[in-house]
Amino acid sequence: MNTSLKQTRTSKWIVGIILTVGGFFMVLPFIWMILSSLKTDAEIMQFPPTIWPQEFTLANFKELFLAFNFAVYLKNTLIIVLCSFGGLILNAMAGYGFAKYNFKGKNILFYLVLATMMIPGQVTMIPVYLILNAMGLTNTMAGIVLPGLVGAFAIFLFRQFMSTISNELLEAARLDGASEWKIFWKIIMPVSRPVIAVQGILTFIGAWNSFLWPLIMANDEKYYTLSVGLQLLKGQYASNYALQMAGSTFMIIPIIIVFMIFQKYILQGFNVSGLK
Amino acid sequence: MRNFTSKRAPYLFISPALLLLMLFSLIPIVVAFFISFTDISLVGLADWSQINFVGLSNYKEILTDPVFLKSIGNTLFYVVIGVPLVIACSLGIAVMINFGENKIFQFFRLIFYTPSITNVVAVAVVWSYLYNPSFGFLNYLLSLINVSPVPWLQDPTMAKISLIILALWRAIGTNMIIFLAALQGIPKEYYEAASLDGANRRQQLFQITIPMLKFATFFVTITTMIGWLQFFEEPFIMTNGGPLDSTTSVALFIYRNGFQFSKFGYAAAGSFILFIAIIIVTLIQFRIQRKSDEESI
């Protein structure tokens, strides 16, 4: 017994060491990014590279806002984030409709929703562009936001969760004369807080990172998001790595902070989604 | 009155989302199918009477297009190398983290998950810098142990591998979490019974853990495979398909023809070929899964 306990302890140490080495390589790009973003342009070009900045500077971050339109990109990104929360409510409504009502065509419609999950983005990319173009929505915020507003997977998760809410609760509210709309806002939404938390965080991350639609739809820099702006920066200032790292840091750090605060919900979310 | 509203209510709840899905997912499939038989381009976009029906010529042309064929080869390379790597790494890390069962190992879970939520453009920019042949950090690390500089993004084969490393780094997190959830679902009694019977740790891993993870592995395999078939952002941002189209994926080929060359019909034909490939791969996966289920019964 004693030897096997010892064995377990040594193998725990070995596993710990492997994970530490692996973990180091996982965080290395982030550390390198942050350190580089604080270096001067001249220091970046040195060989061998310095690990720790010789003198710390915030000049790169200032330049993002002064020489580039990062303030505009940030504003657009935040608009997309806000809109996508609107989309989240549409997903929740649809999930509720499928979870708690019986109506004609319910199964077929639900299968249609699920079927859209299988359709690869590359197939819809071109026709969606043509459709938005026909609607006159190219190079508008609406054109950027609309295609990604609702998603089948989110509707599916909302439906799964809301199916578990007891029917008696809803019937009692109906007997009290509450309208269907009121039931949704006053009962369903508060009870669904766990799934809304998970979806809310994922929605935030998705919207903050949105790249492809803004890239396709926006001809004009005034509609660029942070991702598109950063890609533009990389193209135009290919050798200014300090500036590029500042831009990347500016995009990545907020996401990591949000993730660290809410990680419990995100990592639990995989259990809510029933992938166990 | 009450009956009337409650009959209409479900439709009111589902219709906004459903309309958007119709408009941006289902109808586009039909549109893509039709335009793949036309020569629609920027001219046709402005004036629909300029669009001509061209039959199968887009498909004929694309299947002899050397760049398209090369992009298929590259995509297969990504799938064949990338999928097993993602599964092996995320499963391995999940098993190791699950083995620890204490706070430090919880911390590792966080560390390994973080890359998967970060912005793909930002990390591609960071990795381009890491991969830089003259002042990139990776070649500097190699120079410390006297390894000559690696042409990370300059050599055709190495460039593909470099993109795979980046994508692997991003893919581990999500899949590891799926495996971890599945691992925690395995009853502890199985291991206790096995160790009473004298099974060592390796036997337990191969006889209990891996068979019990069958569904999770199936799920990860399918989603990863579909993901690699649609590989796009990494080559687009880091190499723009180069050098010499050696990193161009099918998805990048479609994007480029559609939005840079405005050959919408041609790109739609390419996208349909990709769609069919994805469907076939998924069906084969389901077939294999069913077969192995039958065998285990």
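Start with chain A and select residues 73-262: the end C-alpha atoms of that span lie 25 Å apart, and the span is 76% helix and 0% strand. (Helices here are DSSP runs of H or I with at least four residues, strands are E runs of at least two, and both are numbered from the N terminus.) An unreviewed UniProt entry annotates residues 73-262 of chain A as "domain: ABC transmembrane type-1". UniProt positions follow the numbering used here, feature names are shortened, and annotations may be inferred rather than shown by experiment.

A word on what you're looking at. This is a predicted model, where local features need pLDDT of at least 70, side-chain atom pairs count only at pLDDT 80 or more, and totals for chains, interfaces and linings use all residues. Residues are numbered from 1 along each chain as its sequence is written, while chains are lettered from A and ligands numbered from 1 in the order in which they are written. The model scores ipTM 0.85 and pTM 0.88.

Now hop to chain B. Its mean pLDDT (the predictor's confidence in each residue, from 0 to 100) is 88, with 97% of residues at 70 or more. Select residues 161-183, one of the spans that an unreviewed UniProt entry calls "transmembrane region": this one is 100% helix and 0% strand, its end C-alpha atoms 30 Å apart.

Next, pick helix α13 of chain B, residues 250-260. Eight of its 11 residues are buried (20 or more other C-beta atoms within 10 Å of their own, with C-beta atoms placed from the backbone), including B:Phe253 and B:Tyr255. After α13(B) comes B:Ser262, with a positive phi near 55 degrees.

How values were computed:
Buried ≥ 20, exposed ≤ 12 C-beta atoms within 10 Å, placed from the backbone.
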